[in-house]
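I opened the notebook to keep track of what I looked up. The entries follow in the order I made them.

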Amino acid sequence: MKKIAIIADSLKGGGIEQVAITLSQGFKSKGFEVHIILFKNSYDQSVFKGYKLHILSEDGKVTKLSWLRPYFFSNKMKEIVKVNKFDLVLSNLADFAGMKAVKLAKFDNLYTIIHNTQSKRRFKRHKKKGFSLLKHIKMLRIKKSFDNKKLICVSKGVEDDLLTNISAQPAFVKTIYNPFDFKKINKLSNVVNSDIPVDDYIIHVGRFELGHKRQDVLLKAYKKSNIKHKLVLLGDGQNRKEIESLIIFLDLQEKVLLPGFVSNPYNWIKNAKLFVFASDYEGFGNVLVESLSLKVPVVSTNCASGPCEILKYELSDYLVDTGDIEGLAEKMQSALIHYPEIESKHIEDFEITKIIDQYAQLINP
């Protein structure tokens, strides 16, 4: 039996965690012995019965001296390596300390999954154009962390950004899309939920982070569109108060609903008339695929990266430039009336068995 290790910070939270969960379940269904290595003791025990779990710490912090963390975690992982010979190791860690710890542990056949466009994620605070010494030093650090590594990018956009904007020189790089268990998503979408509005609504699902997800752009576009449907913003996060203030400023208190974070967003999505995405950048955009799989029309900004690789064929007409409030408003209006029929061809590249097969090809290539 082939052994695979999947490394993650935790298995509760956002899109990266969900990808790690789906990968784990996909490999298990294919007969792999799946080991999950977590930096934090945070996962759903009912979901992971039958998996071999390795918890490195209770909270992922261990010490206040952050520079010691990689060494602590690497020593823990070295113990796991001694006992197990893995055929494939997939790291889903996004921070440098975690990546360093994995490197020091010296796993064989290790691939790091890159979930975000690094030039956008790492430099979103650097607004000035031209040369910046601080930005240059940071760029070199990022480049070094990816040079000579074996990398998997979750979209072509992420791969292009890494090679072009970061100038990384990996030992190996390949794009493999995120996996989706469409049968599971459909099953969860049919769960009865009395909290779901009876009135028609459109929906956005995402972390409340204005510098990334741009709920401010969405709210302004929604106001401009004069759509009668209500707007559901499903999620929570650091900018909730700012979003609530903007809703009041735009006089949308009676039309915008904020249910908070929900563990099962799929029944909310399935009952929506439209899904809208306004991000300035993404790595992939899982929820776009999930919405399409539930036959819900999608309008999205054509951000770097992901959406243009998901909204293909005739659906590409519903991509708008980032920050384009008027364009987003127009496409929202159009999508409620003229959206093309969503077919299997729009999501077939992301089906879980196809993606797992692509990962399995990395074993003894």
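I began with Asp251, which is exposed, with a relative accessible area of 56%. The model is a predicted one. I found Asp251 in the loop between helix 9 (240-249) and strand 10 (256-260). Its phi is positive, about 60°, although Asp251 is not a glycine.

I then looked up Lys295, another residue other than glycine with a positive phi, here near 65°. Lys295 lies in the loop between helix 11 (286-293) and strand 12. Is Lys295 buried or exposed? I noted a relative accessible area of 52% for Lys295, and the cut-off for exposed is over 50%, so Lys295 is exposed.

**Cis peptide**

I checked which residues a cis peptide bond joins, and they are Ala304 and Ser305, with omega about 5°. Ser305 has its place in the loop between strand 12 (298-301) and helix 12 (307-310).

**Salt bridges**

How many salt bridges does the structure hold? I wrote down 13. One of them joins the side chains of Asp9 and Lys40, at 3.2 Å from N to O. Asp9 lies in the loop between strand 1 (3-8) and helix 1 (15-29), and Lys40 in the loop between strand 2 (33-38) and strand 3 (52-55), so this pair ties together parts that are 31 residues apart in sequence. I recorded Asp9 as partly exposed at 24% relative accessibility, and Lys40 as partly exposed at 30%.

Next I looked at Asp147 and Lys143, whose closest N and O atoms are 2.8 Å apart in a salt bridge. Both Asp147 and Lys143 are buried.

I also looked up Arg214 and Asp280, whose side chains meet in a salt bridge of 2.9 Å, N to O. Arg214 is in the loop between strand 8 (201-205) and helix 8 (215-225) and Asp280 in the loop between strand 11 (275-277) and helix 11, so the pair ties together parts that are 66 residues apart in sequence. Asp280 is partly exposed, at 23% relative accessibility. I noted that a network of salt bridges links Arg214, Asp216 and Asp280.

**Rings**

I counted aromatic pairs last, and the count comes to 14. Ring pairs link Phe180 and Phe182 with Tyr177, Phe284 and Phe350 into a cluster.

The charged end of Lys331 sits over the ring of Tyr318, 5.4 Å from its centre. Lys345 lies over the face of Tyr313, 4.8 Å from the ring centre.

Terms used. Residues are numbered from 1 along each chain as its sequence is written. This is a predicted model: local features need pLDDT of at least 70, side-chain atom pairs count only at pLDDT 80 or more; totals for chains, interfaces and linings use all residues. Side-chain values use heavy atoms; hydrogens and water are left out. Rings of Phe, Tyr and Trp (its six-membered ring) pair if their centres lie within 6.5 Å; planes under 30 degrees apart count as stacked, over 60 as edge-to-face and the rest as tilted. A charge sits over a ring if NZ of Lys or CZ of Arg is within 6 Å of the ring centre and within 35 degrees of the ring normal. Helices (H or I, at least four residues) and strands (E, at least two) are DSSP runs, numbered from the N terminus. Buried means under 20% relative accessible area, exposed over 50%, partly exposed in between (1.4 Å probe, protein chains only). A salt bridge is a side-chain nitrogen of Lys or Arg within 4 Å of a carboxyl oxygen of Asp or Glu.
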